[in-house]
Amino acid sequence: MATHLLSAFVLIALCALPARAATRAIRAGRLIDAAGKVVTNVVIVVDNDTIVSVGTGAPPAGADVIDLSRYTLVAGMIDVHTHMTYYWDGAPGTRPLNQPRRPAGVTTVLAAENARRTLDTGVTTVRDLGASNEVDYAMRDLINMGKMIGPRMFVAGQGLSAARNGPPPDPETFRQQAEARIAAGSDWVKIYASRGSFQSVDTTQTVSYEAMKAAVDAAHAKNHKVAIHSYGPSGVKDAVRAGADSVEHGIDLDDETIAEMVTRGTVWVPTIDHNRYYVDAKDEYGFAPETIPPLRAYIEKNLESTRRAFKAGVRIAMGSDAVYSMFGQNTRELGWLVKAGMTPGQALAAATTIPAALLGMEKSLGAIAPGYFADIVAVEGDPLADVNALINGVRWVMKGGQVVVDKTK
């Protein structure tokens, strides 16, 4: 009986998708294009999952017209650092890091809630950087098949890391592991090159430059990219030198590392806001009081390095590092990017055009333009004047031609 109930729940959760009209015309009062310029009174024609045209003419005859003339439209945003499979239901007596183990199939279904909360923020694409039991592969494929509602996912599977209390990983082992991840179905390879996670801001480097480079070279040989986690400056420096396509987290970046990032075109994903989340959610997690001051100190160092890197010309992308109850807060990172010196328009680029290029999808994601996926977000307010319009003002979301969020009524 329990098996039948679970099967029914899976069918309901995965198959109850809204219908999608073949051709739609969207009236936009204001539209922000890929160059960050405002275009007014625009009609966007969408056929199935693709934008056909963007212009000022009349909607085509017979099209289903959606009137968003009171809103500003931006491209669907991209969160390049999530952990979509980290689910917590807030059940009494449990904490995010103290839950009963669940079968992978159950986690897949439950994590659909994280996917929906992410869409609510106007994020229509994510890069998921670390999951166990191939649950991220399952979510990606179900979403692509139209059997689950959620953002488009680029996934890394299980990350590569040093063994606990063991010797440092050798380059040949890391090369083999990178190839194995790709063979298993990973879009990206993720390397954990240092300690630091949740309430810990330990910056100790745990993977050598040589091991990082072996994994990066192996992935690049197969036309796959690599993201490297490092909380501390030495790991960031080695990650950049090793050829990482993106570096996650990091503090105390020196001028040499920043200059190397600019030269190589390395994208930095500072994830400033995720430590703010841990401070705010400390009671949910049961973090000890003495862990909070180091988290706050890390935030300030993270912000200062972001400020210096942006000023020097490093490409910076929005990454939330969302886990558990942080889903639905994915775009709060944009506020920190503005604090680091970006204009709201530059922060929007950090959530659209820059991550689209990082994903190798610059011709289909990150802009509202003909030939691109119909990933479109309507916000209240002026996102070029106040970044909070992107964070708190999302009212309507279309992902791949399907309306997945509608708060306009």
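User: How does one judge the length of a helix, taking α6 (residues 209-221) as the case?

Analyst: One compares its reach with an expected span, defined as 1.5 Å times one less than the number of residues. Helix α6 has 13 residues and reaches 18 Å from its first C-alpha to its last, close to the 18 Å expected at 1.5 Å a residue. Helices (H or I, at least four residues) and strands (E, at least two) are DSSP runs, numbered from the N terminus. The model is predicted: local features need pLDDT of at least 70 and side-chain atom pairs count only at pLDDT 80 or more, whereas totals for chains, interfaces and linings use all residues. Residues are numbered from 1 along each chain as its sequence is written, and side-chain values use heavy atoms, with hydrogens and water left out.

User: Which residues of α6 are buried?

Analyst: A residue is buried under 20% relative accessible area, exposed over 50%, and partly exposed in between (1.4 Å probe, protein chains only). In α6, the buried residues are Y209, A211, M212, A214, A215, V216, A218 and A219. An α-helix has 3.6 residues a turn, so residues three or four places apart point the same way.

User: How is the crossing of α5 and α6 described?

Analyst: Axes are lines fitted to C-alpha atoms, for helices over the stretch in contact, and angles run from 0 to 180 degrees between N-to-C directions. A crossing is left-handed if the near helix is turned anticlockwise from the far one by less than a right angle, and right-handed if clockwise. The axes of α5 and α6 come within 8 Å and cross at roughly 35°, and this crossing is right-handed.

User: Which residues meet where α5 touches α6?

Analyst: From α5, P171, F174, R175, A178, E179 and I182 meet E210, A211, A214, A215, A218 and A219 of α6. They divide into nine nonpolar, no polar and three charged. Here Ala, Val, Leu, Ile, Met, Phe, Trp, Tyr, Cys and Pro count as nonpolar, Asp, Glu, Lys and Arg as charged, and the others, Gly among them, as polar.

User: How do α6 and α7 cross?

Analyst: Their axes come within 9 Å and cross at roughly 35°, and α6 passes α7 in a right-handed crossing. Y209, M212, K213 and V216 in α6 meet G235, D238, A239, R241 and A242 in α7. By class, this contact has five nonpolar, one polar and three charged residues.

User: In what order do the strands of the open sheet lie?

Analyst: Strands of a sheet pair through backbone hydrogen bonds, either parallel or antiparallel. Two strands pair if DSSP finds at least two bridges between them. Six strands form this open sheet, in the order β8-β9-β10-β11-β12-β13, with parallel pairing. The edge strands, β8 and β13 (315-316), each pair on one side only. Two bridges join β8 to β9, and L160 has I191 in β9 as its bridge partner.

User: Where is an antiparallel pair to be found?

Analyst: Strands β15 (residues 394-399) and β16 (residues 402-406) pair in the antiparallel sense over four bridges. V397 has V405 in β16 as its bridge partner. The two strands form a hairpin with two residues between them, and G400 in the turn has a positive phi of about 60°.

How values were computed. Contact = heavy atoms within 4.5 Å.
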